[in-house]
Amino acid sequence: MKLNAFYKSPIFLKSVFVVSIFAIFFISAVTFKHINLLNKSATWVNHSYDVNLELERLFSYLKDSETGQRGFLITKDSTFLEPYIQAKEKIDRSFSIVKNYTKNDPAQENNLRKLQLYINKRQNYLSLTLHLSLKKGLNDKELKEKLLVGKYTMDSVRSQINTMILLEKETLKSRELSYNDTIKVTPIFIYITLLITLVLISVSYIRINRDLEKLQVSNNRLTVLNESSNLAEIVGNFGSWQLNIDTDQYTFSDNIYRLLGCEPQSFKNGQDDFLKYVHAEDRTYFEGINSKRLEKENLPSFTYRIIRKDKQLRYFRTTGRIVTNRSGQNILIGTTSDVTDEVLASLSLEQQNIELEASNKELVAFNYVASHDLQEPLRKIQTFISRLSDKEYDSLSDSGKEYITRIHSSVDRMRILIDDLLQYSRANKTEKVFEKVSLDTLLENAKFDLAQSIEEKGAMIQSEALPKMTVIPFQIQQLFINLIGNSLKYSKEKVTPKIKISCKKVTALEEDLIPKNTKDKFYKITFEDNGIGFEQEYAEKIFILFNRLHNKNEYAGTGIGLAICKKIVENHKGYIFAEGKPNEGSKFTIYLSEDC
Amino acid sequence: MVKEYIHIILADDDEDDRLFFTDAFDELKINTKVNTFNDGVELMNYLNQPEAILPNVLFLDLNMPRKNGIECLDEIKKNDRFNDIAIAIFSTSSSEEHIEETFVRGANIYIKKPSDFATLKKVLSDVVTINWQYYTSGLNKDNFLLRL
């Protein structure tokens, strides 16, 4: 595992390189040494041959001088003396050559000294014999004696020379042996080193190859990534840029130019050229944001206007984040996107909001008009009519009395309409003050409000305990009034109206009527009566404003009451549903969110 | 023997309403003396006279020119001299805001102008015959609005 890691680390290649360099140095050093050795041994062989040759030559000169001397001794002819004299010179020369050759060899020097002794002895005998024979003529016995001594000396010389030649040969042999040893080991050594180097180089070749493949793959991936990011920029209407904090160098992506309506990379990457496209009024702001950014601080998101090359006004938004790369450089990476649509949408939304607010205010003003200004003349008409019918009734004709009655009912109806409309617009009011109250209290208030008609109809109202909830109290009270009032109004003649109010805690999942994805827990409050009921097909229609199921001559009403109920329930993020069966009764179900 | 009158004042800018008001008291068999004023300024000018006979019950319309009912209410409540006056708000509006505001500022009762003369007579008769000391001690927001 560790080895594998080492193989994969970048140190591996460096180590292989260093080892290979050393191996090459080693091999060349060994080769150099080997060649040197070869050279030297050749010299030594030559040297040994030279020495031996010269020794042979020396010996042959000695023989020459002996032959000359003998010839002279026999013939007394001085012609024979010539080689003798010449040989003497040659011997000296040859000896000095040998001496020169063996300068650094103590054993041979020693031998040479002995040889010199023998040669001198030999020469002395030669010259002595020669001298004696020249001076007084030697007798045969004497001559024989002298010659014998000469022969012995000569033998010593010969043996000495042989010894020397032998020694030289031995030296040569031992040198050759050691040379052979070296020469035998060196190639193996070189081969092994070469082999190891080869293996190492092959391994690193494989490694480099693999790295190269990886590089290729990641290069390909990078190309694809680059292209997809380019595409994303075009589709997403944004461009990216980088600022090297240390060198203050900008790099813009192609899409930055396209956003400005320019050809990609058509001007220098940098803030100065970009600034030319920034709306003149926003330039100071733009520069301020950029210059205020402290080093190593992210660029906050900010929006500004741009005048494109084609003079189009666009809104851009820019933001940036500091990133430190592997080389330790701080780079501000940013994106600039064209947010014109977004900005325009939000501007128009703002405008719509202002309009909505204004129309809401108008509605409130209308409320006041309806509640006060419209009511006042109406009230006076009513009061005058009541005065008229009280004081002048008897003096009116029959048709006059009839008209008075008709005016009276019309004005009454108008009053109810105005009151109901007022309630409906109050249910719409924007200010919603939620309070935690007991719904029981609100129900009691509602019953109190309706006390007169409950009494008139002799209705029986049965209710379960209601919870405490956070609601808009007067609205929920109004809801109860409207629902109970509705039941009272549409009760059957000659049958005691019965209203049953029940309450249950439920979850959205248990109930089929409400969406399952809404908040979990609800209070389900039902109002059930034994009135005239209605066809189930109208169950939704009855909650629509001004929608009535009955002629106003049969049942008085404005068609606003249940619309108010729906509005109130919606204000509490709840649901209201109606169920009806003609001649059996109707049932209203309200779901109020528990944590409303 | 001096006959005991109940002094009543109405401040209302509406001529018809003043007429209904005085007619109603004329028909009621109660010993009352009714004074009417056209707006808040006239009313306050009268009340601020040192020799003025202070009313037992003051009926105040809310929406009046020059000085409205709320301003009058504030001025009256600031002056200890008027402590014994029972103040009845007498308005067309029955909006929660108006009821709340006048209750907080110290009015004794809130009457929505009825749309029927008989009812008007009943309301006025009820209001002037209330034992105010007893009524005011048990006053709360729920019985502030006179229900009929």
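**Reading a predicted two-chain model**

Mentor: The span of residues 12-32 of chain A is 100% helix and 0% strand, and its end C-alpha atoms lie 30 Å apart. Helices (H or I, at least four residues) and strands (E, at least two) are DSSP runs, numbered from the N terminus. This is a predicted model, in which local features need pLDDT of at least 70 and side-chain atom pairs count only at pLDDT 80 or more, while totals for chains, interfaces and linings use all residues. Residues are numbered from 1 along each chain as its sequence is written, and chains are lettered from A and ligands numbered from 1 in the order in which they are written.

Trainee: What makes residues 12-32 of chain A a "transmembrane region"?

Mentor: That name comes from an unreviewed UniProt entry, which also gives it to residues 188-206 of chain A. Such annotations may be inferred rather than shown by experiment, feature names are shortened, and positions follow the numbering used here. Residues 188-206 of chain A are 100% helix and 0% strand, with end C-alpha atoms 27 Å apart. In total, chain A has 15 helices and 12 strands.

Trainee: Why is B:D61 called buried?

Mentor: A residue is buried if 20 or more other C-beta atoms, placed from the backbone, lie within 10 Å of its own, exposed if 12 or fewer, and partly exposed in between. B:D61 has 24 such neighbours, and therefore counts as buried. Of the 596 residues in chain A, buried ones make up 23%.

Trainee: Where is B:D61, and which residues does B:D61 touch?

Mentor: B:D61 is in the loop between β3 (57-60) and α3 (69-78) of chain B. Leaving aside residues up to four places away in sequence, B:D61 touches B:A11, B:D12, B:D13, B:G69, B:F90 and B:S91; contact requires C-beta atoms, placed from the backbone, within 7 Å. UniProt, in an unreviewed entry, places "modified residue: 4-aspartylphosphate" at B:D61.

Technical notes:
Contact = placed C-beta atoms within 7 Å.
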